[in-house]
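Here are my notes on the model, point by point. Please read them with the structure open.

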Amino acid sequence: MGKVVLVTGAARQLGARFVRRVQRDPDVERVIALDAAEPEHELGDAVFVRADIRGPAVARVLAEHGVDTVVHLDVSGFALGAQGRTAVKETNVIGTMQLLGACQKAPAVQRLVVKSSTGVYGSAPRDPAVFHENTPPKSLPGGGFAKDAAEVEGYVRGFARRRPDVAVCVLRFANILGPDADSPLADYLSLPVLPTVFGYDPRLQFVHEDDVLDVLSIAASEPRRGTLNSGTFNIAGDGVLLLSQCARRLGRPTVPMLLPAVTWVGQALRTVGMTDFSPEQIRLLTHGRVVSTVQMRETLGFAPEYTTGETFAAFARSRAPGLLPPRAVGRAVDRVAEAVPRITGPGGSDGSDSSSGSGGSGGDTHPTPSAR
């Protein structure tokens, strides 16, 4: 890893954890933690610089400290403090432009790591079963954090062309969960009752917070033998979960609604500040999204410690018990499933789509070969 590491977004929980984590690397001489807000979490021995990446101060920080590795985590879909959606978008997009402009003029910078999202693929009814890194989205994100991430990646690609001497790594994370999860999806899953779209049960993938820190460390280091940590990689735990499975494991009842009603409920929840139930999140909870992690394993050389099911279990343990006992609900669902005659296809085989990775109604799911 570079001797001097700059981490943006250090005031957030994930950024602060990575700042503390990177300090344990014996090859790191100094860590610069940068954010426009005062950190609410311990930063260890890092040098904290309060500066907005939308301004010119970041260029002075790079030059003053001789930064050679930049880890850009200040790309988020969640407002911090009094920030609104407009300020978050400006930080995501304009801030990234300013940061990349400063990095382009800083000859000491040798490595750039950017946090992105699988949301860049969008969520549409005709999506492929599994997205690969080079799969074009059927429908480009129309707004929100997903659109911000897509624009950020576009600017990063431009920077990589202008500075081919800099190793650039873009990490597209699936939904990040864990005991300390702080995201719009985590807020949604913490509601006492989950509004869902009638007739849809989307497939979801998750990645554990601890795995996020591990893969960031790999991306910010010199590549290990036989691996390459330059390029774009999907990052997700093995397997998938259906939204209905998530609700049962949380013990939270669902209220299926027609899509217009879900949109209205989302607007109401945003108005009262309960959760940022945005249109892009509604699309995710309608159509779902599954990505391939083959390149993560074979090229980047990273194997997550937690599966999607284990990640969700860790998240569920950190939340207050739901209104319904998960085990009792699971047994009831199993009894109903046994009572309903199975519809068989040609040759007597089950007519369900095995590629969905649902793994049954009550048990843990297992990764399908295409989604690993």
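1. Confidence first. This is a predicted model. Its mean pLDDT is 85, and 81% of the residues reach 70 or more. Among the elements, β10 has the highest mean pLDDT, 98. Helix α12 (residues 326–339) has the lowest, 57.

2. Over residues 342–372, pLDDT stays under 50. The model still has 55 contacts for this stretch beyond four places in sequence. Where pLDDT is low, predicted coordinates should not be read in detail.

3. The sheet. Seven strands form an open sheet with parallel pairing, in the order β3-β2-β1-β4-β5-β6-β11. The edges are β3 (47–50) and β11 (231–235), each of which pairs on one side only. Neighbouring strands are turned by 20° against each other on average, direction ignored.

4. β5 (residues 111–117) and β6 (residues 167–173) pair in the parallel sense over 7 bridges. Which residue of β6 is the bridge partner of lysine 115? It is leucine 171.

5. Helices on the sheet. Helix α4 (residues 144–162) packs on the sheet and touches β5 and β6. Its direction makes about 155° with that of β5. Helix α6 (residues 209–219) lies across β4 (69–72), β5, β6 and β11. Relative to β6, α6 runs at about 165°.

6. The largest nonpolar core. This core has 32 residues, of which Val71, Leu171, Leu216 and Ile235 touch the most other members. At least two residues come from each of β1 (4–8), α1 (13–22), β2 (30–35), β6, α6 and β11. Helix α6 gives the most, with 6 residues. In soluble globular proteins, nonpolar side chains tend to be buried together.

7. Ile235 and its neighbours. Leaving out residues up to four places away in sequence, isoleucine 235 touches Leu171, Arg172, Phe173, Ala174, Val207, Val215, Met296, Leu300 and Phe302.

8. A covered helix. How many of the 10 residues of helix α11 (residues 308–317) are buried? The count is 7, and the helix is mostly covered. Those buried are Thr308, Gly309, Thr311, Phe312, Ala314, Phe315 and Ala316. The cover over these buried residues includes the strands β7 (175–177), β9 (203–204), β10 (206–208) and β12 (241–242). Helices α5 (184–189) and α7 (243–250) also belong to the cover.

Technical notes:
Residues are numbered from 1 along each chain as its sequence is written. This is a predicted model: local features need pLDDT of at least 70, side-chain atom pairs count only at pLDDT 80 or more; totals for chains, interfaces and linings use all residues. Side-chain values use heavy atoms; hydrogens and water are left out. Two strands pair if DSSP finds at least two bridges between them. Helices (H or I, at least four residues) and strands (E, at least two) are DSSP runs, numbered from the N terminus. Axes are lines fitted to C-alpha atoms, for helices over the stretch in contact, and angles run from 0 to 180 degrees between N-to-C directions. Contact means heavy atoms within 4.5 Å. Buried means under 20% relative accessible area, exposed over 50%, partly exposed in between (1.4 Å probe, protein chains only). A nonpolar core is a set of buried Ala, Val, Leu, Ile, Met, Phe, Trp, Tyr and Cys residues joined through side-chain atoms within 4.5 Å. pLDDT is the predictor's confidence in each residue, from 0 to 100.
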